[in-house]
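Let's take a friendly walk through a few helices. Here is the structure to keep beside you as you read.

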Amino acid sequence: MLSTMQDEPLSLATLLNYAATFQGDATVSTWTGAGVRTMTFREMGADAARLANALRGFGIGEGDRVGTFMWNNNEHMVAYVGVPAMGAVLHALNIRLFPEQLVYVANHAEDQVVIVDGTLVPLFAQYLPSLKTVRHVVVANGDPAALTAPAGVQVHDYAELLAAQPDTFDFPVIDERSASGMCYTSGTTGDPKGVVYSHRSNWLHAAQVCAPNGMGFTAEDTILAIVPLFHANAWGLPYAALMSGSNVLMPDRFLQPAPLLEMMAAVKPTFAAAVPTIWGGVLAGLAAAPQDISHLRTCVVGGAAVPPSMMHAFEEKFGVTLLHAWGMTETSPLGTVSHAPPGVEGEQRWAYRYTQGKFPAGVQARLVADDGSVVPADGESLGELEVRGPWITGSYYSPDGAQVDPDKFDGGWLRTGDVGKISPDGYLTLVDRSKDVIKSGGEWISSVDLENAVVGHPAVAEAAVIAIPDPKWDERPLVAVVLAQDAEAEPAQLRAFLADKFAKWQLPEHWTFVPEIPKTSVGKFDKKRLRAQHAAGDLTITTLP
Ligand code: ADP
């Protein structure tokens, strides 16, 4: 028996229309270095319509890809909502990809138009001659004349282009399963692979992001979106903001701790989102120049494990809750969020909050052992995490229909490559990425556990652990340490600090001090590069007896 309910598609055009009318007074603001420039959701809706008209004038129709090469700012938000609303597909390009990867993903996605920030024109100019399908480039907040267009490419000024367009657009009704956006994985462990989101997946995901057991957004929030709009579907923040009527604060290119703290002091956001390395920098910035950040009710932190010491520092020194979350580009990305259960207090509460978090109803999860058997969610058994659900990808994008990396899919489940355990009440604790775990004498050492413990030492600013080959044990951990400013520590002291937290055979004997840990294009520790530095003999290693 079918229901009597209307078959109304979940579309981002409907969501945009709602935001621009009934949430019309909410704002998007961009930090300029000295203040903000602000647009209301109403104005954003009008600009989205203008952009849609302009794109239609270029011949862009349903399913065509429109790239962005931008910082997080007002114009990027307009593209984020306007492009999918007109039925085209938003492809936010990661401005920090290596050149060959950037060219690869833009060609692979067959982007026809790219909207580029003025400050990024010199960088984009290097790529443009290699972009085979791009016909139009729109320069926002900059000088289009600074870009020399190859034959067949037209360059436009964003403001002039939009000013010439009507501020309404008859957004089409489209199948909710149609593509609305695409993101490539950031290539932390391999080549970038394309994930294509649908209107339906983004809508359902946004509702979960807004839910109290997600990020709990309301119209009283101002969300500081530090996570780049090109990283993992912007963690769902733009569409969740449309739904909840939350204000959005965009940092533009001002991503260092000092300007981040300056914009926080000026705008007083209630919520912020970024990877742990950003929060580590903010913490160091606060140590140098303390400031009240208690306007932040919550900062969601994910993309890599959050060290417990970081959670304690924010909570105890600044009254700010770091909310740990896990996700992937492939999962839209919200997979888990670590709200502790009600009635649980003290150490037990912290123990819940250290986990990657609890699965929401939309994410089914299971753990699979090396032999393919499913292991129980008993809080102890380890396995590779597999997930499925309406905002989890079922394949990677392929222009010619050929299967890309079919090994990542297991009978309808996405294999995450993450190893961990799940408690009976649905909390995920990740041990490591399967590629990063250290296999020592047939046993596993979690690189993440070691990193979290080492960074808890007051002399340590950052720590990353990789496996290095060992003739006796196959692999042993190498700890790369960045010392805090003016701090000193010897490897023996650091190892002694770990002694009561790990089994003796897990304690690392190899240590190296580095000025910085290489970071990926989205600010995670780049262990591929660290391994390469080690293989090339570039690291000075101290080996303890
Ligand atoms: P990439 O795989 O290129 O880094 P993503 O940003 O999609 O691209 O990263 C997803 C991966 O990041 C996850 O599979 C997991 O390994 C890691 N990750 C994300 N959140 C967390 C977390 N809270 N704790 C530990 N690892 C995490």
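Helix H2 is mostly covered, with 12 of its 17 residues buried (buried means under 20% relative accessible area, with a 1.4 Å probe and protein chains only). Among the buried residues are Phe-41, Met-44, Leu-51 and Leu-55. After H2 comes Gly-59, which has a positive phi near 95 degrees.

This is a predicted model, in which local features need pLDDT of at least 70 and side-chain atom pairs count only at pLDDT 80 or more, while totals for chains, interfaces and linings use all residues. Residues are numbered from 1 along each chain as its sequence is written, and side-chain values use heavy atoms, leaving out hydrogens and water.

Helices here are DSSP runs (H or I, at least four residues), and strands are E runs of at least two, numbered from the N terminus. The expected span is 1.5 Å times one less than the number of residues; for both helices below it agrees with the distance between the end C-alpha atoms.

In H7, the buried residues include His-199, His-205 and Cys-210. The buried residues of H7 pack against partners including helix H1 (12-21), helix H3 (74-85) and strand E8 (179-184), where contact means heavy atoms within 4.5 Å.

Finally, a helix pair: the axes of H10 (residues 276-288) and H11 (residues 308-318) come within 11 Å and cross at roughly 40 degrees. The contact involves Trp-279 and Leu-283 of H10 and Phe-314 of H11, among others.

How values were computed:
Axes fitted to C-alpha atoms, helices over the stretch in contact; angles between N-to-C directions. Buried < 20%, exposed > 50% of the residue type's maximum accessible area, 1.4 Å probe, protein only.
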